[in-house]
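Good morning. I have one structure to go through today, and I will keep to what can be read from it. Please have a look at it before I start.

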Amino acid sequence: MVNPVEGLHIAVFASGRGSNFQALLKAIEEKRIPNAEIVLVMSNNSDAGALEVAREHNIPTLHLSQKQFATEEEFNRALLQMLENHDVNLVALAGYMKRLHASVIQRYRNRIINIHPALLPGFSGKGMFGVHVHEAVIASGVKVTGVTVHIVDEEYDHGPIVLQRAVPVEDHDSPETLAARVLKVEHQLYPEAVRLFAEGKVRVNGRRVYIGQD
Ligand code: GRF
């Protein structure tokens, strides 16, 4: 079992508009996720919409980029220190475009999650982000795509899958119309996944994630 914790202190990492962050925030505000708080929003991009939304909600923000540090090690040390300072016990990646260093993944083993706009292990890996995912889905001819929430491990788009939900691909879809349909489901599924962590219902065994009481 991923240790049930007293209260979930979530750090959201986002590089862009932050609609998934907003979906999480709304779910917490509406008490659909019990015992949870977003304690920090971090971005490598000072212009990220997510940072702006966080400021509007008086949530601490952090602009942290590798470029501000001489070495990768210093960057990771600063990042870990900030997570510790804010007593973070769950990191939710929401459109975060940078790879996390193994030291961060190790420190937060099974406590970093990501949302991917397709059904993993398909349509993943290098270059598979944003509209490129939906372009590849349409080009492949599959009739079903979807959303995956997974635990982050050392390999890109690879860690154990927590939740998945299917979304139909329609004949007339463009990458944009498909992206919009998938995004709506992302906004439902990510809060559902975080709720499972808040309730201590997530058990990881190898590549399998079991959802339940114990
Ligand atoms: C989402 O499609 C998510 O699945 C992917 O990046 C996108 C982020 O969108 N990882 P937003 O910034 O949350 O609006």
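Let me begin with N110, which is placed in the loop between α4 (102-107) and β5. This is a predicted model, so please keep that in mind throughout. The phi of N110 is near 65 degrees, a positive value in a residue that is not glycine. As background, most residues other than glycine have a negative phi, and most peptide bonds are trans.

That brings me to the peptide bond from L120 to P121, which is cis, with omega near 10 degrees. Where is P121 found? P121 is in the loop between β5 and α5 (131-140).

The ligand sits in the largest pocket. Two elements each give two or more residues to the shell around it, namely α1 (19-29) and β5 (112-116). The residues around the ligand are R17, G18, S19, N20, G95, I115, H116, P117 and E186. Sorted by class, that shell has 5 polar, 2 nonpolar and 2 charged residues.

Which atoms of the ligand do these residues meet? For R17, a polar side-chain atom lies 2.4 Å from an oxygen atom of the ligand. For N20, the atom is a backbone N or O, and it lies 2.8 Å from an oxygen atom of the ligand. For I115, a backbone N or O atom lies 2.8 Å from a nitrogen atom of the ligand. How much of the ligand's accessible area does the protein cover? On its own the ligand has 370 Å² of accessible area, and the protein covers 85% of that.

Last, helix α6. Helix α6 covers residues 175-198, which is 24 residues. From its first C-alpha to its last, α6 reaches 34 Å, close to the 34 Å expected at 1.5 Å a residue. After α6 comes G200, with a positive phi near 65 degrees.

That is the end of my part. Thank you.

Note on methods. Residues are numbered from 1 along each chain as its sequence is written. This is a predicted model: local features need pLDDT of at least 70, side-chain atom pairs count only at pLDDT 80 or more; totals for chains, interfaces and linings use all residues. Side-chain values use heavy atoms; hydrogens and water are left out. A residue is near a molecule or strand if one of its heavy atoms lies within 4 Å of it. A polar contact is a pair of N or O atoms within 3.5 Å; within protein, one must be able to donate a hydrogen and the other to accept it, and residues adjacent in sequence count only if both atoms are side-chain atoms. Accessible areas come from the Shrake-Rupley method with a 1.4 Å probe; for residues, only the protein chains shown count as cover. On a 1 Å grid over the protein atoms alone, a cavity is a set of points where a 1.4 Å probe fits but cannot get out, and a pocket is an open set with protein on both sides within 12 Å along at least five of seven lines; lining residues have an atom within 4 Å of a point. A molecule sits in a cavity or pocket if more than half of its atoms lie within 2 Å of its grid points. Helices (H or I, at least four residues) and strands (E, at least two) are DSSP runs, numbered from the N terminus. Ala, Val, Leu, Ile, Met, Phe, Trp, Tyr, Cys and Pro count as nonpolar, Asp, Glu, Lys and Arg as charged, and the others, Gly among them, as polar. The expected span of a helix is 1.5 Å times one less than its number of residues.
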